[in-house]
Amino acid sequence: MSSHRLFRFPKPAWINSANTRTAGVYLAGALFSLGFYTMIDLSVWSKSRLNYTDPSIHVTFIDWIPSICSALGMLVINSIDKSRLSADSFSYSGNGVAWKARLVLFLGFALLAGGLAGSVTVLVLKYVTRDVMFPALWMGVGNVVANAMVMLSSAVLWVAQNMEDEYTYNLAL
Amino acid sequence: MAGLKTIISLSFVLAIGFLLVILSAALFKNYLTLLVVATYVVAPLPNWICGRAANPDDFMESSGSGVIDFGRFLTGFFVVMGIALPALLYHSGDITAAAMTMSVVGGLLIYGTIITFTLFFQEEQEF
């Protein structure tokens, strides 16, 4: 096992432990929460008395569309059973399961990336081109931050769920 | 393990946590920060419910851990929510910085007490 290593440094032992996996899932929840409350924060700020923009700019439904896309993409990606991705080589898994899984996964990643790109679009078109200055510019920047957080969260959740296979037997026996 | 001293000190910390949160609400006549208490009381619930829902004996079924993972995800969500909510209210000018600090510290004390308490109880049930 160790003679097949490619890199000079060994993989640390904690990477495949159950505790790391659990911490990863908690971290994913925390990151998603940060993204979600960033979004809530900027819409609350938009209606508060601190928002002094003269031709008044408020958060509307348009600002929420990227976040909705990101959240849907995260839901799609993480509701797929990861072991189905390489399932076509086994005989018991029916035909074309891996193909369908990859298609749905592609849709999920497209939604996630589309959410991030959409938030940048909203930032540029709605705030930067109208020369909004910083306290109010947060309504656009926070949108990008929120979508990036959701993306990071689903990446962490993905990695944490893929750690599962190695130690499942230790847990069961 | 969980002796009398532990229980007494835990309840002491819990009381301090509640004191801080209630003070942060009552001092400024703005009761929005009480939401933090609700958040931290709800936070351990998903873990507990999903732990019951998943069947740990059934080790042929590998998808059972999905439910547990969902519970952990929700717990992480609620814990950050307890910090994010006062920060959000402070940022939009609804509460002052002092109220934000007090409610965050108080909420963390309450949640720490709940977690420590469940840890002690679990250890007693195992044996």
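Trainee: How are helix 2 and helix 3 of chain A oriented, roughly parallel or roughly antiparallel to each other?
Mentor: Roughly antiparallel. Keep in mind that this is a predicted model. The axes of helix 2 (residues 61-78) and helix 3 of chain A cross at roughly 160°, and angles over 145 degrees count as roughly antiparallel.

Trainee: And within what distance do the axes of those two come?
Mentor: Within 7 Å for helix 2 and helix 3 of chain A.

Trainee: Left-handed or right-handed crossing?
Mentor: Helix 2 of chain A passes helix 3 of chain A in a left-handed crossing. The residues of that contact divide into 16 nonpolar, 8 polar and 1 charged.

Trainee: Nice. Let me zoom in on Ala110(A): which helix is it in?
Mentor: Helix 3 of chain A, which covers residues 97-128.

Trainee: Why does Ala110(A) count as partly exposed?
Mentor: Because 13 other C-beta atoms lie within 10 Å of Ala110(A). A residue with 12 or fewer would be exposed, and one with 20 or more would be buried.

Trainee: Switching topic, where does helix 4 of chain A bend?
Mentor: At Gly140(A), by about 35°. Helix 4 (residues 134-162) of chain A still reaches 41 Å from first C-alpha to last, close to the 42 Å expected for its 29 residues.

Trainee: Last one: what does the secondary structure of chain A come to?
Mentor: Chain A has 5 helices and 0 strands. Of its 173 residues, 34% are buried.

Notes: Residues are numbered from 1 along each chain as its sequence is written. Chains are lettered from A and ligands numbered from 1 in the order in which they are written. This is a predicted model: local features need pLDDT of at least 70, side-chain atom pairs count only at pLDDT 80 or more; totals for chains, interfaces and linings use all residues. Helices (H or I, at least four residues) and strands (E, at least two) are DSSP runs, numbered from the N terminus. The expected span of a helix is 1.5 Å times one less than its number of residues. The bend at a residue is the angle between axes fitted to the seven residues ending there and the seven starting there. Axes are lines fitted to C-alpha atoms, for helices over the stretch in contact, and angles run from 0 to 180 degrees between N-to-C directions. Angles under 35 degrees count as roughly parallel, over 145 as roughly antiparallel, 65 to 115 as roughly perpendicular and the rest as oblique. A crossing is left-handed if the near helix is turned anticlockwise from the far one by less than a right angle, and right-handed if clockwise. Ala, Val, Leu, Ile, Met, Phe, Trp, Tyr, Cys and Pro count as nonpolar, Asp, Glu, Lys and Arg as charged, and the others, Gly among them, as polar.
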